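This briefing covers one protein chain, shown below. The points are grouped by topic.

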Amino acid sequence: QVQLVESGGGSVEAGGSLRLSCETSDETTGRLFMGWFRQGPGNEREVVSTITPGDNSIYYVDSVEGRFSISKDDAEKTVYLQMNSLKPEDTAMYYCAADLGRNWGHFSKFRPSGYSYWGQGTQVTVSS
């Protein structure tokens, strides 16, 4: 069982920055598919960014490309999401997710249903 604990959310003005952290309980984070998702009021949960174990390939949803950056430190068992140039539309609850990716299809890493483990979420609020 993998436990995930997010931190780093908060309230900022538009244009500001936040860094989210997700610490995992799994000692082998190097083989976990990790994702950041968000869910705004009245919206479905959507993928923000993912990072793949091994080659560390990275995906960003178009709306955050160039502003957000995902990274991880396997030794610290932590994944980060650096969020710059924040916009009011980035306001949401942000969730960290993890999965070993066994029996995944091509699009599984982009879908909430593909992940077995979730953090409790951290709120990000951006004011205009």
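**Fold and composition**

The protein chain has zero helices and eleven strands, where helices (H or I, at least four residues) and strands (E, at least two) are DSSP runs numbered from the N terminus. Read from the N terminus, the order of elements is β-β-β-β-β-β-β-β-β-β-β. The radius of gyration is 14 Å, close to the 14 Å that the globule rule gives for 128 residues, so the chain is as compact as a globular protein of that length. That radius is taken over C-alpha atoms, and the globule rule is 2.2 Å times the number of residues to the power 0.38.

This is a predicted model, in which local features need pLDDT of at least 70 and side-chain atom pairs count only at pLDDT 80 or more, while totals for chains, interfaces and linings use all residues. Residues are numbered from 1 along each chain as its sequence is written, and side-chain values use heavy atoms, with hydrogens and water left out.

**Overall dimensions and surface**

- The C-alpha trace spans about 40 × 30 × 25 Å along its principal axes.
- Of the 128 residues, 45% are buried (buried means under 20% relative accessible area, exposed over 50%, partly exposed in between; 1.4 Å probe, protein chains only).
- The chain exposes about 6600 Å², and carbon and sulfur atoms supply 43% of that area (Shrake-Rupley method with a 1.4 Å probe; for residues, only the protein chains shown count as cover).

**Contacts and charges**

- Among contacts with a separation of 6 or more, 58% are between residues 24 or more positions apart (contact means heavy atoms within 4.5 Å).
- There are 11 positive and 16 negative side chains, and the centres of the two sets lie 4 Å apart.
- Lys and Arg count as positive and Asp and Glu as negative, with His and the chain ends not counted; the place of a charge is NZ of Lys, CZ of Arg, CG of Asp or CD of Glu.

**Disulfide**

- The whole structure contains one disulfide (a pair of cysteine sulfur atoms within 2.5 Å).
- Cys22 and Cys96 form this disulfide, with an S to S distance of 2.0 Å.
- Cys22 lies in strand β3 (residues 18-24) and Cys96 in strand β9 (residues 92-99), so the pair ties together parts that are 74 residues apart in sequence.
- The torsion about the S-S bond is about -75°, so the disulfide is left-handed.
- Cys22 is buried at 0% relative accessibility, and Cys96 is buried at 0% as well.

**Loop between β8 and β9**

- Glu89 sits in the loop between β8 (78-83) and β9.
- Glu89 is exposed, with a relative accessible area of 56%.
- Glu89 and Gly40 are 49 residues apart in sequence, and their C-alpha atoms are 8.6 Å apart in space.
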